[in-house]
Structures are given as structure tokens and as C-alpha cells.
Amino acid sequence: MESLLAHINSPKDLKELDKTKLSILAKELREFIIEIVATKEGHLGASLGVVELTIALHYVFNTPEDKLIWDVGHQAYGHKILTGRKEIFDTNRQLGGISGFPKRSESEYDDFGTGHSSTGISAILGMALASKLKGITNRQHIAVVGDASIASGMAFEGLNHLGVTDVNALIILNDNAIGIDPSVGALKKYLTNVKQGTAKDENLFECLNLNYSGPIDGHDLDVLIEELERLKTIEGPKLLHIITKKGKGLQKAEENQVAYHAPGKFDATTGERLKKTDKGMPPKYQDVFGHTLVELAKQNKNIIGITPAMPTGSSLKYLMEAIPDRAFDVGIAEQHAVTLAAGMATQGLIPFCNIYSTFLQRAYDQIIHDVALQNLPVIFCLDRAGLVGQDGPTHHGVFDLAYLRCIPNLTVFAPMNEVELRNVMYTVQKGLTHPMAIRYPRGRGVTLNWQTPFESIPIGRGECLRKGTKLAILTIGHIGNVITQLLDEIDKDGMVGHYNMRFVKPLDSELLHTIFGRYDNVFTVEDGCQIGGFGSAILEFASEHGISKPIRCFGIPDRFIDHGTMPETHELAGIDINSLRTTIKSAL
């Protein structure tokens, strides 16, 4: 039988299909996604779960004239394939290829970029209000929001506003009881009760003045299309509740929804993930954090772990398994996570607030107002700091050094290796009088035997790794290992000194005075943004102390770095090993 998908290059082609053939198209679309992701990697389960919904939306609505937002964009692979990107879908998340998330500059069908969650309702309401102000009365506005995303504070802010408008907007609640990890919280329990028919008489969404319908089977194309056609005729704000299964159509993905959110490479036929050996490899920084936290928590009853919906990705799951009553997954609620930690700190607990660097951006006011202003000893452990690779600019954690070091009372530390991460965690739980941020990268470190006896790290002190005579290189964090490797290779004469500064705030002023007194030139290297980051701090120090020696700063340039592999993104930023080698050699 000739493939239906082969002839679908736009929603216009889709609309020409007989409705009875859409279930065949759904099967082909699933198989296409599975075949590509099996070899190219990427997010899998979320897009498999919304195949029927994706087809139904583009079949019923007039996209791109009608506006459609996917929140979070993990679930948009089918949407991309049906909107003209089928032939290049194998470039998904590859350097120079299409993004793994909706991206406005990529297609007219991508109405809003959604790499972070819970923004869809506010964005679609903004579009709907704009249509009304422009006198456009026949345009539909649809946002597909997951049950984990809709539990976020920002989503509720959007719903609260939406319910007092008369705009033509439809919120589709894609309820599969899982985000990346299983959904949590009272709203999840309420939605479960709705599905089971045991919810209390009042409907939460109707109380918010939304025209509620459902729950319906999100995998039944006939029911979906019929209901979407009906909702097209109803004016005002609406919410359709659909029930789906994440990973639908691939048994392994249905059975293990956490692992198959982004499974890596796998066998497209059996679903079996291709085994990777960790033997002889250094651990991931996230696992060093997770195991060390458990070890410390067993010794210190005041230690608490908090994460906003990332227990597996951040490895807080180890504490959740070992001491469940002292580990909290608060859902996609970064603001709440930070202020919850602040509240705990007022009562003498020691909260480790474990959060991806890019997601901490969503709680910036809470860091300042609720933690730093009150000088509360909250410990922020920032995973995925620096460039993160194929998730691209929505997930690169490159701004934390700049946005954190300007906050009074806050100490900022970046370990160069696993042992430093372990030791700084030990140090801070012994007794802090102020908040502290510890940032570390995605991926593996450099140390095989990292579980060494704990040692305290002096706050605000860096260390000399290598003395030189002409050029000093100051590094912060994991990227210092690249410099160590380079200098072993190219500096046989001992002309280059290397200093692991450890702290961006406070700077080790004594060590810096020694460095500026000894060397003619200074380089700084970081995997954070150049503007306002570690290098800027060194320039400010030199200016304050009247130091006029040349200082050159290497970091992420003033642009958003595209997606690609980790080495490719470092090369795009000019902080890869080859770029640094060329620069250092030219200075000698």
C-alpha cells in the first residue's frame, strides 16, 4: 500500500484525505517519528502521545491562519512533520537542522517558541486579544497544554485572565499524568478524580468561567474531530480535557514513560534502548550531586532536597528513594520551589534547591526578594549550567553567573571536578549564614575515584594549579579541565600559569593580586556569557585596584547559541579546545 504520509507536505494536503484514512496516517506518522528518533535521538514519548490530536487539529482548523501553540514543545514532532518539515525531520536537533522545539523563525506554523513550560495559555490569550483588537473575528486560537504544565503558577495566571475575557480561545488539556517524571500535586489528584468520575460537583475550570468539555479519548480520531468541530462554533474561552498515553504506539515507551521521554538511541522495531557502558567512565555531575546529598542527609537530619519537576534529570531521585519525607518534587513551579526553600531555611533546615540553570531564570525575583534580601542560607544546586547541546538556546544555562553575581549576600561557586562538587556540598551543610549557588554542567566529569573523604573548601579561595612566567589563565568550573589538558600539550616551557578560581563571588582578592603582580597578560575562560560573567568580574577587580595589564575574556558571545552536539556548540561559542589552543599559542 502506498504511504499516505509521503503525500502530506502541508495541512492542505491533510485536509484532502478522507476522514476514514486518518487512522492509517496516524499509524504511519508514529512509525516515522519512531524511525527517525531511534537513530537521531530526541524527545519521543510526548510526540507519540499526541499523534491523533496533531492530525485532528490540522484537519479541523485552518493553520497557520488559526493560531496553534504547543506547550511544552516536546510534543510538537508530529506537528513539524505535517507542516512541511518531513523531508528535513532527520536533521532535528542536529547542527544546522531544525529545532527540537517550535521556533517562530523556522516555520509560519510555529506560532510561538515553547522550550520552557506553562507559557502557552498566556501567549495564546495575547494572540486572541490582539485578533479582537484588530477586528479579526473568525480566527481560532488553540493552545495544547500538558497536565504537568497546567499546574504551574504561570498557567494559572493565564487561566485566571482568560476566564474574564470573551476571546475565541481553546485550551486543550492533554492529560497523561506525566511530564518528564510523573506529575505531582493536588491538581493531578483532581484530574484523576475527574477521569474516574469521582470529582466533587463543581468543576475547577468551569468555576474559572471556561466552557469545559471532556474528558474524551485523545486517541479516538472520530471523537476528537467531532468535538473540535463543535468547539469551533462556540464563542468565548473553552477548555477541552483529553486523555492520552505518553509513548502511545511503542510498547517500551508506554511501559517506561520516564526513560522514553528522551531515550537516546533505540531499536525502532523492538523499542529496546541501545546499551551504553559506563564502565571506566567518570560519573555524571548530577549523579555526584544526588549520591552525595544522600550521604550527607544521612549524617545531617536538617538537610532537605527540593526540585521543580526534575527528580530524575537532576538525580534528586536518590534522596527521594532513600529518605522520601525529606525530598520534595513540587512540580513545574520554580518560583514556589525557591520560596519554599526560603521558608524552610527560616526554620533551621538546610534546603538544597536543585534546579536546572535555565529554569532558575524563571524564579529570579524569588532569589532576590525571598532569599537574598533576607539573607537566608538556601543552597542552589544548578544543574545543566553552561552549554547543554542539542536542546539548544532555550536550555543553555549560560546566564547564571551574570544574573547571580550581581545579587547581594549570594555566594557563587563552580566546581572544576566531582571532588570539588562533593566537598563544597559538605562545606555548606556544616553551617552557612547566607545563600549560595553551586553550578555544574550537563554530562560527565573527569574523576573516576571521586568518593573521597570529605574536606572543607575555604569560602572565597581559589587555587594555583600551575605556575607560569608570562600568561595567567583564570578558569571557573569544569572548563578548567580543558585548559589543564591544553597546557600539558602546548606549554612545555612553563610560560603559562593556570588558576582555578572556584568562586565568582566573592573573588579571591589575595590570589588575584598575586596573579597581577606576577604575569604580563591574563586570560579568563568560562562557559557562561561574556557580558556580566566571570571575566567581567575580573575586569571590575582590575579597574577597582588600578591594574592596567591586558585582560582577555573568553566565554559565550553576545548571541544565542544554536543547537548541536556539546562539542559543536562550544565551537560555535569559540570556547572549544581548538579555538583556545590557537589563541593561547598566539599569545606565547
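This is a predicted model: local features need pLDDT of at least 70, side-chain atom pairs count only at pLDDT 80 or more; totals for chains, interfaces and linings use all residues.
User: OK, and how many aromatic pairs turn up in the whole structure?
Analyst: A search of the whole structure gives 14. One of them is Phe399 with Phe560: the ring centres are 6.2 Å apart and the planes sit at 75°, so that pair is edge-to-face.

User: Where do Phe399 and Phe560 lie?
Analyst: Both are in loops. Phe399 is in the one between β9 (379-383) and α18 (400-405), and Phe560 is in the one between β17 (551-556) and α23 (566-573), so the pair ties together parts 161 residues apart in sequence.

User: Is Phe560 buried or exposed?
Analyst: Exposed, at 64% relative accessible area.

User: What about Tyr499 and Tyr519, what kind of pair is that?
Analyst: Edge-to-face, because the planes are at 80°, with ring centres 6.0 Å apart. Tyr499 is in strand β14 (residues 496-500), while Tyr519 is in the loop between α21 (509-518) and β16 (521-529). The two are 20 residues apart, and the pair links distant parts of the chain.

User: And is Tyr519 buried or exposed?
Analyst: Buried, with a relative accessible area of 0%. Tyr499 counts as buried too, at 2%, since the cut-off for buried is under 20%.

User: Switching topic: which residue lies over the face of Phe454?
Analyst: Arg422 does, at 4.0 Å from the ring centre.

How values were computed. Residues are numbered from 1 along each chain as its sequence is written. Side-chain values use heavy atoms; hydrogens and water are left out. Rings of Phe, Tyr and Trp (its six-membered ring) pair if their centres lie within 6.5 Å; planes under 30 degrees apart count as stacked, over 60 as edge-to-face and the rest as tilted. Helices (H or I, at least four residues) and strands (E, at least two) are DSSP runs, numbered from the N terminus. Buried means under 20% relative accessible area, exposed over 50%, partly exposed in between (1.4 Å probe, protein chains only). A charge sits over a ring if NZ of Lys or CZ of Arg is within 6 Å of the ring centre and within 35 degrees of the ring normal.
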